[in-house]
Every structure is written in C-alpha cells, then in structure tokens.
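Please read these points with the model open beside you.

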Amino acid sequence: MAFTVNRVPVTFDGDDDTPLLWVLRDSLRLTGTKFGCGIGQCGACTVHLDGQAQRACTVAVSEVAGKAVTTIEGLAPSETTLHPVQEAWLSLDVPQCGYCQAGQVMAAADFLSKWPTPTDADIDRHFTNRCRCGTYPRIREGIHRAAALMAATRDEASSAAGQEATDER
C-alpha cells in the first residue's frame, strides 16, 4: 500500500494489520514517534493522519493507504524553521525526560489548529496526552506560548496582505 510520510511517498508491503507505529519506526526508521502504552491512551505515539492527531499504535497501516502521515520529523515547515510548538517547547524547556514529548508536540499542534486561543480549561478538557514526569504546567505554558507565536504569525501575514492590497490601489 502507498501513502506519504512527511511529504514523501512511501510503500509498505507487509501485513496490513501492522500498527502504523511499527511501520514508522521499524520499516521507515523514523524513531521520533515513541511506543508508550500500546492501547492509544498515553499519546506518546501521536502523529498526524491527514492533518488530524492519531495514536499510531492503534492505527493499522491499511487505514493509511492514500493518506498523508506527518511525524515529529516532518512537523517543521523546513529544516531551518521550527513549528511554533517546537519553538515554544524549546524556549520553555518543557520536557523533563523527553520520552513522550514528540507525541505531546504533535498533539499540541493539532490541538492549536482547533483551539487557536485556548484557555487553561480548554487545555485541561481537550488535551489528553499523558506524561509520567508530570510536566503538565510546562506543557500548558508551552501551548499558550505556541498559541501566541502562531497568533503573531497570523497578524504579520494579515498585515502584509493588507499592505499589498493598499499598494495595488
């Protein structure tokens, strides 16, 4: 079956029931996605499937045929530009042990696409990834920082578009 991973076409010829997590890690050698609980509860294996967060340990590879998978290795828009969530995580030193943080970052990116200006209550209610180190206060702060970075980017783009419209008159 064929699908894309981080904007690159790939094929997998193994068992259709193989969890996507193992295809990513073992076949494609993308080891940023981590194995946590294996039952879709902790979120350490979170990736984006057609832009939506999914727990890769519970998705059979047959379910991704023709779809786009994004892992932590492909979240940033380029090799020189980090995603705002990655910037926030680094600036605030969010991780403690770091094991689950790739999944946390992927989940936060998806969460912010749905709640671009979240409250603490939004985060507590809808952000379901788990962290054994208990860095939840820093994760929450990271989500708020990323939301601010994303808002600033939107404001700059809006301002630039407005300036172009004014220049065209």
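This is a predicted model: local features need pLDDT of at least 70, side-chain atom pairs count only at pLDDT 80 or more; totals for chains, interfaces and linings use all residues.

1. Within α2 itself, the buried residues are Pro84, Val85, Gln86, Ala88, Trp89 and Leu92. Helices α3 and α5 are among the elements that cover them.

2. Helix α3 has 14 residues. From its first C-alpha to its last it reaches 20 Å, close to the 20 Å expected at 1.5 Å a residue.

3. Of the 14 residues of α3, 12 are buried, so the helix is largely enclosed by the rest of the structure. The buried set includes Gln101, Ala102, Gly103 and Gln104 at one end of the list, and Asp110, Phe111 and Leu112 at the other. The cover over these buried residues includes the strands β3 (46-49), β4 (52-55) and β5 (68-70), together with the helices α2 (84-92), α4 (120-126) and α5.

4. Asp110 deserves a separate look. This residue lies in helix α3, and it counts as buried because its relative accessibility is 7%, where the cut-off for buried is under 20%. Leaving aside residues up to four places away in sequence, Asp110 touches His48, Gly51, Gln52 and Ala53.

5. Now take the packing of α3 against α5. Two packed helices are described by the angle between their axes and the distance between the axes. For α3 (residues 101-114) and α5 (residues 136-168), the angle is about 45° and the axes are 11 Å apart. The two helices are therefore oblique to each other, and α3 passes α5 in a right-handed crossing.

6. Which residues make this contact? On the α3 side they are Gln101, Gln104, Ala108, Phe111 and Leu112. On the α5 side they are Ile139, Ile143, Ala146, Ala147 and Met150. Sorted by class, the contact has eight nonpolar residues, two polar ones and no charged ones. As background to the spacing, an α-helix has 3.6 residues a turn, so residues three or four places apart point the same way.

7. A last point concerns two cysteines. Cys37 lies in the loop between α1 (20-27) and β3. With a relative accessible area of 31%, Cys37 is partly exposed. Cys37 and Cys57 are 20 residues apart in sequence, and their C-alpha atoms are 8.5 Å apart in space.

Key:
Residues are numbered from 1 along each chain as its sequence is written. Side-chain values use heavy atoms; hydrogens and water are left out. Axes are lines fitted to C-alpha atoms, for helices over the stretch in contact, and angles run from 0 to 180 degrees between N-to-C directions. Helices (H or I, at least four residues) and strands (E, at least two) are DSSP runs, numbered from the N terminus. Angles under 35 degrees count as roughly parallel, over 145 as roughly antiparallel, 65 to 115 as roughly perpendicular and the rest as oblique. A crossing is left-handed if the near helix is turned anticlockwise from the far one by less than a right angle, and right-handed if clockwise. Contact means heavy atoms within 4.5 Å. Ala, Val, Leu, Ile, Met, Phe, Trp, Tyr, Cys and Pro count as nonpolar, Asp, Glu, Lys and Arg as charged, and the others, Gly among them, as polar. Buried means under 20% relative accessible area, exposed over 50%, partly exposed in between (1.4 Å probe, protein chains only). The expected span of a helix is 1.5 Å times one less than its number of residues.
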